[in-house]
2 protein chains.
Amino acid sequence: MSDYNAPIADMHFVLREVVGLDEIAALPGYEEATPDLVDAVLEEAGRLARDVLAPLNQSGDREGATFENGVVRTAAGFPEAYQQFVDGGWGSLPFDPEYGGQGLPWTVATAVQEMWNAANLSFSLAPLLTQGAVESLQTHGTPEQKATYLPHMISGRWSGTMNLTEPQAGSDVGALKARAVKQGDHYLITGQKVFITWGEHDCAENIIHMVLARTPDAPAGTRGISLFIVPKFLPKADGTLGERNDLRCVSLEHKLGIHASPTAIMAYGDSSGAIGYLVGAENRGMECMFTMMNNARISVGVQGLAIAERAYQQARDFARERVQSRAIDSRDGPGVAIIQHPDVRRMLMTMKATLEAMRALAYVAAAALDRAKRAPDEEARAAAQARIDLLTPMVKSWLTDCGCEIASLGVQIHGGMGFIEETGAAQHYRDARILPIYEGTNGIQALDLMARKLLRDKGAAAATLLLEMRSDVTAIDSPEAKAVGEALIDLDAATDWMLETGAKDLRLAAAGATPYLRLFATVTGGWLMARSAAAAQRLLDAGEAQPDRSFLEAKIQTARFYADNILPRASAEAAATMRGAYSTLALSDAHL
Amino acid sequence: MSDYNAPIADMHFVLREVVGLDEIAALPGYEEATPDLVDAVLEEAGRLARDVLAPLNQSGDREGATFENGVVRTAAGFPEAYQQFVDGGWGSLPFDPEYGGQGLPWTVATAVQEMWNAANLSFSLAPLLTQGAVESLQTHGTPEQKATYLPHMISGRWSGTMNLTEPQAGSDVGALKARAVKQGDHYLITGQKVFITWGEHDCAENIIHMVLARTPDAPAGTRGISLFIVPKFLPKADGTLGERNDLRCVSLEHKLGIHASPTAIMAYGDSSGAIGYLVGAENRGMECMFTMMNNARISVGVQGLAIAERAYQQARDFARERVQSRAIDSRDGPGVAIIQHPDVRRMLMTMKATLEAMRALAYVAAAALDRAKRAPDEEARAAAQARIDLLTPMVKSWLTDCGCEIASLGVQIHGGMGFIEETGAAQHYRDARILPIYEGTNGIQALDLMARKLLRDKGAAAATLLLEMRSDVTAIDSPEAKAVGEALIDLDAATDWMLETGAKDLRLAAAGATPYLRLFATVTGGWLMARSAAAAQRLLDAGEAQPDRSFLEAKIQTARFYADNILPRASAEAAATMRGAYSTLALSDAHL
């Protein structure tokens, strides 16, 4: 079993020096996010993650969630840990104080979320799904719906789910068939949903299912979908739990990873129809769903970061302890810890540099979310919204792809032990693999970046970011900044290609969408690493030693490693975007 | 469950047009490898792979091998399938007819081996380990040892194992502690070995363990290791099985993948000492072991290719059937099979192009093995040996890294279904993960390429290959060949850097070893793809339609895709080699 210690020093550094937490704390409504409070929140969350959630990660994987006689039981310790999580108010950090939330910035909530996910990915999916449902109700619910559901969901006493997928409707949400027939003040829902994360469990008092369904005569496709609140237990007028609704878990899936997260097949309305309450207007369900999904996409990216950090800590600790072979330049010396072997070092540095870039990108995205919600003038809010829209598919895809790559390196560093389940490294490799798939596959994210985020505004939001990056790296005098400047030439060219090609041949542009996303994210990560290094250099020059000088020196060396070892991938992705798209489409289906 | 159909058309093409099977068949002793015979062998092997081995792949994964009361049982159907394999003489293809082998070229045996591994990786490890033991005995055994063991092992009635690893001695084989004390005509072996593949099972009549151990007073490290034959049942003078030897399986490991392959912890000499027979001279065990390992490394590379092919077939078949969303350039059309979506196409083409390059590289390496063994003049044999030595670490590392990448893409193409174990895509992802680890981790391979294969001969073998590639791509007039020509500039530069750096700073060179290996292999793969495309073009120009024109056109388009999408990675690896090595070593251990 491996320990997890929240990387608070790096979190602090990114929040203060890269994201500019003081600016976020200056936004209206976030005044409470003082440095002292943020420090206290991170410290306390780190303790819960380390002492309560992390120790259940491996046992949860081994036991899994079980389904018997219609009852889902989570692994030993999960209900108690969930109760501690609720008692600590940890689910409520970023939500509206009116409904019991703590009103902290998403930026801070994101750092905390990284900890839950690193400690126990399966566990963290429960509050993550609840968060999505809360966001959707906060934005689209009626005052009565908010009053009925939000306090319980924000506290975590009731958990939430998202019910989109049906067997024939995965990425194609518009193909769903679940029906909703109006009856008085509610609807009767019938249909089957699959892949419902934490769809049934024994941790919360009630489960609030957010279900997409079609009313009779609704238009085909996504324009005929409505969103419904379908509670497991129907709340009574006094807020207590009433009757069991007509919905049930049919079975749990047998998955590659996240075994402790119950993934349910759900049946609605087997008897008389499940009672559901419309959220927003009829046929506007996709809009409500996107409110849930957009935040969830950032959160899934954070999961990629989290599992990378966990895998890194475990591999590094192993590499410090495992003695094997002499140093390469010593013929007769003693055996050394493998951390001293250059190739092991290369793997660890790849993990560390990549995940620090991932962290910077995730927190910067969260800060844009805060600005989009709270910036005092409309123009600033709109600019922040454009930024978060642009960054969301990158955060979701790049962080999850890198999460898988880093978890795989974690296995590799363990050698033969890595392949043995008891070691725990393999669990991260298995758990991480869902991340590029759920909440919109990474391929869907790339299309989102291309079509909705680049072509729709004719490249305006991208141009703003590119200009900001260019201006930043021009102002910084460092090898890292210079390398980013060179990579920006590739990114500029690929962006132009994408805009031109997308205007005349969407299919061809789509063939380049994934390498383009990777190019964009890799360069953006490089930019943030160059900014990190520059900030560290400033602090060093100013004689600051916070947290200590060698930490700051390490930030610079890690940024250098990124520039030398990770950033060069950008040119390969640029080639795959601009030249590769043509050959992607050349072969006929029959010859694949 | 997924079907497996051996890709015989592509195997034929590579064997004939890229490898030059006719030249191999012209080598002394290989005269029987006529085109007709090779066709018949491939067809027949393809049938066994499809009808007998492939159907046991998923059930074997689910059941695994079990250990109870000291007895190991393989999954249902495995003993019977093994018997069919033995009855068909499939283990004997490349071995000496004097001992019952069929004397076919390794080139042909390698293509056949790809099929076994693709059909059932766990199963195929049994004959693979036997093959290693046979090779070692063929080369280093006494005539009596050969007569006693080889016929039974070549037939497969007895299987073989390799016993190197001990808990403290993994990559550092020299740290092993198992003891061997001479007693008359044999030795008494004591010690524990871990990670012993097919170390105990119920498929063969006897198991011949090849065990590395130290005699008393042997020098420390690898120079004091000897190799012993330690049979499970001691053969009697008449060749029948005698007493049970003093060795036992202690337990089986619980692994991430290859569940149906029993990975044993073995105890030797718990009672009186296990009887072992020395192979070769005392203290020369590493030499004998390398005979086993070098071939095994090529074979493990072939496993990477095999699982890539299997994952590809499954993903492609799924993509042809799964209907989801409209075509990207159609707003109201019907749903289409996802194979028509450009991003799915990109993933499938990445799988196909990479694995075709992998296949070409593996078969070319096998042909070098045949030439090194059978070429009539010594100079040709030496040149072929230098080539196979150079290619071995690339085949082992690059093919297994790519195998993991391709298995992961296979999961991704399945979307949510890919994460569900019943689908089978996740098994390939789990199974593939051992390949970069066993038979020398890929990091060890990179050091082998750098130190033993490049620095030791001062780059002579590499220069010969680089010159051959340069000359080839200069002679070919195609965009693919031009792209390889450009990538060769990077490879030349990195090779020079590696030679210069290695001469003065081994630690720095080691930090660049893995990206250098990837660079070398990626370019070599590109070269072989360009040659494939040129051969296809020649056949098209000559009006040949073998197997059909569109197959040949597909070879050209696939090579183009490789040049546009995969080959550009070479420049990133070159940067990571030459610039990246410095920053890899910059950070102190404490700050990792």
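In this predicted model, 77 residues of chain B are in contact with 77 residues of chain A. On the side of chain B that touches chain A, 35 of these residues are nonpolar, 24 are polar and 18 are charged.

How are the two chains placed relative to each other? Two copies of a chain are related by a rotation about an axis and a shift along it.

For the complex it gives an ipTM of 0.97 and a pTM of 0.98. Chain A has a mean pLDDT of 96, and 99% of its residues reach 70 or more. Where pLDDT is low, the predicted coordinates should not be read in detail.

Next, consider two helices of chain A. Among the buried residues are Arg569(A), Glu573(A) and Met578(A). What covers them? Within chain A, the cover includes helix 15 (479–504), helix 17 (513–541), helix 18 (549–566) and helix 20 (580–586). Chain B contributes to the cover with its helix 18 (549–566) and helix 19 (569–578). Helix 6 of chain A, residues 106–119, is mostly covered, with 14 of its 14 residues buried. From its first C-alpha to its last, helix 6 reaches 20 Å, close to the 20 Å expected at 1.5 Å a residue.

The largest nonpolar core has 417 residues, and of these Phe228(A) and Phe228(B) touch the most other members. Leaving aside residues up to four places away in sequence, the residues that Phe228(B) touches include Ala180(B), Tyr187(B), Ile189(B), Val211(B) and Leu278(B).

Lys146(A) is in helix 8 (residues 143–155) of chain A. Is Lys146(A) buried, exposed or partly exposed? A residue is buried if 20 or more other C-beta atoms lie within 10 Å of its own, and exposed if 12 or fewer do. Lys146(A) has 18 other C-beta atoms within 10 Å, so it is partly exposed. Apart from residues up to four places away in sequence, Lys146(A) touches Tyr99(A), Leu137(A) and Gly141(A). Val134(A) is 12 residues from Lys146(A) along the chain, and their C-alpha atoms are separated by 8.9 Å.

Finally, there is the backbone angle phi. Most residues other than glycine have a negative phi. Asp217(A) has a positive phi of about 65° although it is not a glycine. Asp217(A) lies in the loop between strand 6 (206–213) and strand 7 (226–231) of chain A. With 6 C-beta neighbours inside 10 Å, Asp217(A) counts as exposed. Glu439(B), also a residue other than glycine, has a positive phi near 60°. Glu439(B) is found in the loop between helix 12 (425–432) and helix 13 (442–455) of chain B. Glu439(B) counts as buried, because it has 28 C-beta neighbours inside 10 Å.

How values were computed: Residues are numbered from 1 along each chain as its sequence is written. Chains are lettered from A and ligands numbered from 1 in the order in which they are written. This is a predicted model: local features need pLDDT of at least 70, side-chain atom pairs count only at pLDDT 80 or more; totals for chains, interfaces and linings use all residues. Helices (H or I, at least four residues) and strands (E, at least two) are DSSP runs, numbered from the N terminus. Two residues are in contact if their C-beta atoms, placed from the backbone, lie within 7 Å. The expected span of a helix is 1.5 Å times one less than its number of residues. Ala, Val, Leu, Ile, Met, Phe, Trp, Tyr, Cys and Pro count as nonpolar, Asp, Glu, Lys and Arg as charged, and the others, Gly among them, as polar. pLDDT is the predictor's confidence in each residue, from 0 to 100. A nonpolar core is a set of buried Ala, Val, Leu, Ile, Met, Phe, Trp, Tyr and Cys residues joined through C-beta atoms within 7 Å.
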